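Work through the exercises below with the model open beside the text. Try each task before reading its solution.

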Amino acid sequence: MSKSAIDAKGLTKEYSNGRGCRNVTITVGKGEAVGFLGPNGAGKSTFVKMLVGLIHPTAGEATLMSAPIGTLEAKRQIGYLPELYRYQEWLTGDEVVRLHGRLCGLDKQVIDKRVPELLHMVGVGQRGKDRVKHYSKGMQQRLGLACALVNDPAVIFLDEPSSAMDPVGRMHVRNILEELKQQGKTIFLNSHLLEDVEVLCDRMALLNNGQVLRHGRVVEVLQKRVCWRFKVGGFSPFLLSWLMDTTGLSFGVITDGKAEGGFTGETGIDDTVWLEAELESEEQVGWINTLLIGQGMTLYEVTKVRERLEEWFMEAVAGLNHRGEQE
Ligand SMILES: Nc1ncnc2c1ncn2[C@@H]1O[C@H](COP(=O)(O)OP(=O)(O)OP(=O)(O)O)[C@@H](O)[C@H]1O
C-alpha cells in the first residue's frame with residue numbers, strides 16, 4: 001500500500017485559451033498538510049479540480065489514496081470545499097449538509113448523528129435551521145466546510161476556506177484544520193493566507209503561470225534565511241557604514257515602531273535602535289557583538305528572526321513575469 005495520499009505526475013490541464021496548469025508533479029504523504037501558493041490565476045484551483053475529478057487532465061496522471069483520480073474509489077475518500085461556492089439557497093444549512101451526506105451514500109443514522117456535530121464544529125450551530133439565503137458569505141463558507149467533512153474523508157481539499165471570514169472566523173477554521181491534521185487527515189490547502197500555511201502545513205509548493213516554481217518543507221524553506229537583530233544604544237549613521245564596511249554584511253536599521261525608541265537618523269535624539277542583518281552562520285553573532293561593543297555601543301539584546309513565509313513569497317514572485325489574469 002502506497003504511503004502517499006496524493007501522487008501526481010506531470011499533471012496538466014490546458015484550457016483552449018492556453019491557460020491552466022502545466023506538468024505538475026507532486027507527492028503528498030498520508031497525514032501531511034500541504035499548502036499550494038501562488039498569485040491569482042497561477043493555476044491552483046485548476047490543479048485541485050483535476051485531483052477531485054471535476055475536470056479531466058489533458059496530460060499526466062495522478063492517484064488519490066492509490067486510486068486513479070476521477071474514479072469513484074478516489075472520490076469516496078475526499079472532501080472538497082470549493083472557493084466561494086454557492087449552496088442551494090432555498091434549503092436550510094442543516095438540509096444542505098444532509099443532502100451532501102445522502103449524495104455520499106451515508107446511512108440515515110450516520111447523517112442524523114454527524115450533521116448536528118459538524119454544524120456545531122464549524123460554528124453554524126443553531127443557524128442550521130435558517131435558509132442559506134439568509135447566510136453571510138462567511139457563514140456559507142462554514143457550511144461548505146461541514147459539507148466537505150460529512151463523509152469523514154481521508155483527504156481534504158480546501159480552496160481558500162476562510163477567504164470570506166473575519167479574523168475570528170479565520171482563526172476558528174485554522175483550529176479546525178489543526179484538529180483534523182491531528183486526527184491524521186491529509187490536507188491540501190489552496191490559500192493566500194500565508195500565515196495559515198506557515199502554521200498548518202508541512203510542505204508547500206509555489207505555482208506561477210501554471211507551473212511549480214518552488215516546493216519544499218515549510219521549515220526548510222523558512223530556515224534557509226535567518227536574520228538576526230541587535231538592539232544597541234549609542235548608535236550613529238557613521239557607525240552603520242563602519243559596520244557594513246568592516247563586516248561586508250548589509251545591516252538594516254529598524255525604525256518603524258518595532259524598535260523601542262526609533263532612530264531618527266537626523267539629530268541623534270534617541271540613539272537606541274535595532275540593527276538587522278542576514279548572517280551566514282551563528283558564529284558571526286559573537287563577532288558582531290564584539291565589534292559593536294568595541295565601538296562603544298551598548299548591546300541590550302540579540303534575537304534570531306526567522307523569515308516569515310510572506311516575505312519569502314514576496315521575494316519569490318518579485319520580478320517574475322506573472323501573467324495572472326492579464327492578456
Ligand atoms: N474554464 C476555464 N477556461 C479557460 N481558462 C480558465 C478556466 N478556468 C481557469 N482559467 C484560467 O486558467 C488560469 C488558472 O486559473 P485558476 O483558477 O486555476 O487560478 P488560481 O491560482 O486558482 O487563481 P486564484 O488565486 O485567483 O483563485 C487563469 O489564467 C484562468 O483565467
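This is a predicted model: local features need pLDDT of at least 70, side-chain atom pairs count only at pLDDT 80 or more; totals for chains, interfaces and linings use all residues.

**Exercise 1.** State which domains the protein is divided into, and how far apart their C-alpha centres lie.

*Solution.* Start with the division: domain 1 covers 4-222 and domain 2 covers 226-306. Then take the C-alpha centres of domain 1 and domain 2, which are 44 Å apart.

**Exercise 2.** Locate Leu84 and decide whether Leu84 is buried, partly exposed or exposed.

*Solution.* First, the position: Leu84 sits in the loop that runs between β6 (78-81) and α3 (93-103). Next, the backbone: the phi of Leu84 is positive, about 40°, although Leu84 is not a glycine. Most residues other than glycine have a negative phi. Last, the neighbours: a residue is buried at 20 or more other C-beta atoms within 10 Å and exposed at 12 or fewer. Leu84 has 13 C-beta neighbours inside 10 Å, so Leu84 counts as partly exposed.

**Exercise 3.** Describe how β9 and β10 pair and what joins them in the hairpin.

*Solution.* Strand β9 (residues 203-208) pairs with strand β10 (residues 211-217) in the antiparallel sense, over 6 bridges. Within this pairing, Ala205 is opposite His215 in β10. The two strands form a hairpin with 2 residues between them. In the turn, Asn209 has a positive phi of about 45°.

Terms used
Residues are numbered from 1 along each chain as its sequence is written. Domain bounds come from an automatic or database domain assignment. Helices (H or I, at least four residues) and strands (E, at least two) are DSSP runs, numbered from the N terminus. Two strands pair if DSSP finds at least two bridges between them.
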